[in-house]
Amino acid sequence: MKKIFYIGNFSFPYGNASGARVLGNGFLLNEIGYDVSYIGLNDELKRHSLIESTKQEYKNFTYYNLPYPKGIKDWLSYRNRFEEVISILEKEKPYGIILYGSPTLSFFGKLILNWSRKNNVLCFSDCVDWLASGTGSLMYRLVKSFDNNYQKRFLNPSTDGIITISSYLSNYYKNKKCKTVVIPPLVNPEKFKKIKKTTLSSKNDKLKLIYVGQPFATDGRRVKEKSFKDRLDKAIDILASLENSNFIFDIYGIKKEEYLNVIPNQSIAINKLGEKIKFHGRIENSLAVEKVAESDFMILFRDISKMTSSGFPTKFVESISCGTPVITTNTSDLGKYVKENENGFFIDIYDKGLSILQLEEIFSLERSEIEIMKSKCFNSQLFYYQNFVSEMKTFLSLFNKK
């Protein structure tokens, strides 16, 4: 089997959405005959940890970790990280490398690309976002903006080909004459086999709503509204305006105090909701999947912007895969996957009056109708990696090493 190394800013296998992304693509590449290994990041490693000592196995994948950068000095140490990674690559002699962002500044990726050219190794990019630089100090935002634009505008188009997560990104790179393929976040069916299609009792009279994730940075940095990943604030505001609706909204991934530190004026809406809303903080991914499966609907509101059009919500993929329909905004490529009244609903969050009417109609569904929707979600297998074998095979067939 030809060896491919995934290298970049991810926590493998389920440490974050990035870890889930590269794992799903690993299953896909494995299916079509490639041996995949990973070099990612671990925030528990000490700065001087040796990469060889981090070697581990998950399923049939080998993975290594670098320490997560914890300061400017770490971010600037891209040449040192490059030398560590090359020590592994020179031993393994891979057929190809896939860059997923960068474990330090993006100049790291340029060094990897140069090494690949010299050693006749294919080098691809897996591009999954185009983030806004709306958090942190002015200096941090300037550096982040430069690094992001350098990677997206110059480094990625220099690679042999680009795996994109959305049509928006694919079209952008096609206009630059790049070879691309669109692969949304993928899942392994084994992860969801033990989950029942329907887990709710027909005696349950309260509609169970859920949100899982971090809508914005909670590490003390100043956060601008344009950089909110999810509009949990709009969801809370709209839900607080509903009359005579019997529901419970569980929020996992952020504590109430963390949330109010960023949006203090939402205390009014939260207090109005009272017992209808509960913040639970962070939980393990495996438990989060169980909580989603036990819910009637996932709530996922996002602004329609360059940032959200570029990406694709992993939480949408996991919700559908474990049998829970999604109430969402029509961003990214969701229009290709959402079938209203079957696996979800679209909401117009820019018209509050209309969104209230839309939610009231959804919340009036009979329990039997919700259970049918949940069953359709679970059985659809929309994002199982086997469904995208043809696309990836066609993409990789475009490349022949000299």
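This is a predicted model: local features need pLDDT of at least 70, side-chain atom pairs count only at pLDDT 80 or more; totals for chains, interfaces and linings use all residues.
Local features require pLDDT of at least 70 and side-chain atom pairs pLDDT 80 or more, whereas totals for chains, interfaces and linings use all residues. Residues are numbered from 1 along each chain as its sequence is written, and side-chain values use heavy atoms, with hydrogens and water left out.

The chain contains 15 helices and 14 strands, taken as DSSP runs (helices H or I, at least four residues; strands E, at least two) numbered from the N terminus. Its C-alpha trace spans about 65 × 45 × 40 Å along the principal axes. Of the 402 residues, 55% count as buried (under 20% relative accessible area, 1.4 Å probe, protein chains only). Among contacts (heavy atoms within 4.5 Å) between residues at least 6 apart in sequence, 74% join residues at least 24 apart.

Helix α7 (residues 232-240) packs against helix α13 (residues 352-363) at an angle of about 70°, the axes lying 10 Å apart, where axes are lines fitted to C-alpha atoms over the stretch in contact and angles run from 0 to 180 degrees between N-to-C directions. The angle therefore makes α7 roughly perpendicular to α13 (65 to 115 degrees). In this pairing, D237, I238 and L239 of α7 meet K352, S355, I356, L359 and F363 of α13.

Technical notes: Angles under 35 degrees count as roughly parallel, over 145 as roughly antiparallel, 65 to 115 as roughly perpendicular and the rest as oblique. Buried means under 20% relative accessible area, exposed over 50%, partly exposed in between (1.4 Å probe, protein chains only).
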